Amino acid sequence: MDAVVKFTSQSQGRDRIFRATQYACVLSIHLLRNNPDRKDLVARLKSLESSVSAGRKLLRLGNAANSIVAAKQTVRLSDRVLCLCLTAANVSRALYFICDNAVWARGVGLIRSIDKERWSVNASRCYLFSLVMNLTQDLYVILQLMLQKGRDNRFRSKMDQHLNECPDVAEVTIPELDALVFLLLETLRSEPTVALDTVKNACDLFIPLDRLGIYKSSAGVVGFCGLVSSLIGILTLARPSLRIKH
């Protein structure tokens, strides 16, 4: 119970619970849309999803400042690739929050002089760029870990043993490709923090791609990806040891 209280007392914790609820509603609405017996339930889910979405926008007020502080920290990283990717991601995220706050202010009538649709599109563009930078960072970290593991003599012996034990696979696939896949899977298995962060960012990518019309997905795909990403976010926040570190 103490862990639950501690989790929900954090603004990030509440936002991730609301986010999971929002995308669970999106997925449920898509799955139930053709069921005539569930029209009332679908209507209630749509109302809940709309309310949660509006509430999340309110909770995100001020998050731009957090992203700017994070950018100030990542710009000091000694690894130039990580420095570039994470700083660009944090700056883009700050711009996303600014645009998102402007959309919220327009929606509640605090500001009437802006084009809500235009600012919403700009928010999605900033969000997309932030995710691309985060995924680039994930791929860079995975590559570094693979190179590190590939130089480990014990792992090389394990990989040779794997290739020798699977002659049927070796006959139908390129041995080098099989070794590369084995190396990748072993790297992700030994580094769950990187694996979770990569899956989370990859799932999130479908949301702005759909909103911008770059890659249109069904509401079911968006809802499923958003739900998976949200659950991973809840898990990494509840268990900091699973959060990727730099």
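A nonpolar core is taken here as a set of buried Ala, Val, Leu, Ile, Met, Phe, Trp, Tyr and Cys residues that are joined through side-chain atoms within 4.5 Å. In this predicted model, the largest nonpolar core comprises 12 residues in all, namely Ala-64, Tyr-96, Phe-97, Cys-99, Ala-123, Cys-126, Tyr-127, Leu-128, Leu-131, Leu-135, Leu-205 and Leu-209. Two or more residues of this core are given by each of helix 5, helix 6 (116-150) and helix 10 (192-211), and helix 6 supplies the largest share, with six residues. Another core, of nine residues, lies apart from the largest one and includes Tyr-140, Val-141, Leu-145 and Met-146.

The packing of helix 5 against helix 6 was examined next. The two helices, helix 5 and helix 6, pack with their axes 8 Å apart and at an angle of about 160 degrees; since angles over 145 degrees count as roughly antiparallel, helix 5 and helix 6 are therefore roughly antiparallel to each other. Their crossing is left-handed, and the residues that form the contact of helix 5 with helix 6 comprise 19 nonpolar, eight polar and four charged.

On helix 4 (residues 63-74), helix 5 (residues 80-107) packs at an angle of about 165 degrees, and the axes of this pair are 8 Å apart. Helix 4 and helix 5 are therefore likewise roughly antiparallel to each other, and helix 4 passes helix 5 in a left-handed crossing. From helix 4, the residues Asn-63, Ala-64, Ser-67, Ile-68, Ala-70, Ala-71 and Thr-74 take part in the contact, where they meet Cys-83, Leu-86, Thr-87, Asn-90, Val-91, Arg-93, Ala-94, Phe-97 and Ile-98 of helix 5. By residue class, the contact of helix 4 with helix 5 is made up of 10 nonpolar, five polar and one charged.

Two residues may be considered individually. Not counting residues up to four places away in sequence, Asp-100 touches Lys-57, Arg-60 and Ala-123.

Definitions and conventions:
Residues numbered from 1 in each chain as written. Predicted model: local features only at pLDDT ≥ 70, side-chain atom pairs only at ≥ 80, totals over all residues. Heavy atoms only, no water. Axes fitted to C-alpha atoms, helices over the stretch in contact; angles between N-to-C directions. Helix = DSSP H or I, 4+ residues; strand = E, 2+ residues; numbered from the N terminus. Parallel < 35°, antiparallel > 145°, perpendicular 65-115°, else oblique. Left-handed = near helix turned anticlockwise from the far one by under 90°. Contact = heavy atoms within 4.5 Å. Nonpolar A, V, L, I, M, F, W, Y, C, P; charged D, E, K, R; others polar. Buried < 20%, exposed > 50% of the residue type's maximum accessible area, 1.4 Å probe, protein only.
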